[in-house]
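Try each one yourself before reading the solution.

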Amino acid sequence: MGFELHIFEEEGLESEFVKWLVEQRSAEVQRHFGLFWEYYTNKMMETATVGNAGRKVQESGRPYLQGQEYGLPARITGLVHNPAAGVFGGAAVRDIQRKEIVIENDIAWRVGCGVDLLFGKPVSFVSRSPDAQKRADIEEIIRVVFGANGGIGFFQDMAVLGSVYGFVDCFVRPGEKIFEKFTSQTHHKFTIEEVLRLAQAIGLELIEAPRALPVLDEDDYRKIRFYIQHFYKDKNSVSGKGSFLQRLLTGGWKKDEIKICAVTEIVSAWAWQRFEDGELVVEGHIPWSFLPIF
């Protein structure tokens, strides 16, 4: 996988460093924060999907594993976990009988209560501008921006991610209409109605911790020079491997037959790029000269 970072040449971003971030550092970050999410959701996995631990689990009255079992000792679960294998990558321990494990997802309930307490009703914003008309316009613009991004649902999602991972980043995507206005040669004074229409095009994207790869300033850890996110997305297609008869005998499509795509997005204060499976698909310059991450 090679990255063509010509648009970042003057900013000093190296292709080999990005490759290391995507191929090695990203796997470590996803494995680390993946445990947080599995513990929060407490997902249940049936015995047929847990490898050599399946037989041990099948002997129990509850033939499944749950995410929060990862923190229990082997003398109770009958399984030993390898950190590299994830929550459900346990191996059976000989001569240890698996106990009847009952887990109530108290963590998710507490997080949900906290979210309802914090954002149980719509959030209002108050401008401190001394000008009454400007104050009203600013408040309306902010209301429209958050309203276009889910309103109270946006803040509830932000609170959940922040509670699970300990932090949450927000990527501000201005939209094509605003890009066109900033890059056009013609300039005119916008009316409040035009500003409100443009505000509806602003996207606020919450970035989950497992996909975040911020590149900090070498001399000041408080400054982010580049923001990289790397993740995988399912494509609306399949590989077409195997025959209809094979799928009939095996019970349907296999997981590895569903196509996925590795997405890497790099953003700085001056430019951005998006790669899919290592191929550059789109790029552009940022006209306002600041990193749109909050």
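**Exercise 1.** Is Cys-261 buried or exposed?

Solution. We're working on a predicted model, where local features need pLDDT of at least 70, side-chain atom pairs count only at pLDDT 80 or more, and totals for chains, interfaces and linings use all residues. Residues are numbered from 1 along each chain as its sequence is written, and side-chain values use heavy atoms, leaving out hydrogens and water. Start with the cut-offs: buried is under 20% relative accessible area, exposed is over 50%, and partly exposed lies in between (1.4 Å probe, protein chains only). Cys-261 has 2% relative accessibility, so it's buried. Cys-170, at 12%, is buried too.

**Exercise 2.** Work out how helix H1 and helix H6 are oriented.

Solution. First, find the helices, which are DSSP runs (H or I, at least four residues) numbered from the N terminus: H1 covers residues 15-41 and H6 covers residues 152-165. Next, take their axes, lines fitted to C-alpha atoms over the stretch in contact, with angles from 0 to 180 degrees between N-to-C directions. These axes come within 9 Å and cross at roughly 115°. The pair is therefore roughly perpendicular, a label for 65 to 115 degrees. Now look at who touches whom (heavy atoms within 4.5 Å): Phe-33, Phe-36, Trp-37 and Tyr-40 of H1 meet Val-160, Leu-161, Val-164 and Tyr-165 of H6.

**Exercise 3.** Do likewise for helix H5 and helix H8.

Solution. H5 spans residues 132-147, H8 spans residues 192-199, and their axes come within 8 Å, crossing at roughly 25°. So H5 and H8 are roughly parallel, the label for angles under 35 degrees.

Key. Helices (H or I, at least four residues) and strands (E, at least two) are DSSP runs, numbered from the N terminus. Angles under 35 degrees count as roughly parallel, over 145 as roughly antiparallel, 65 to 115 as roughly perpendicular and the rest as oblique.
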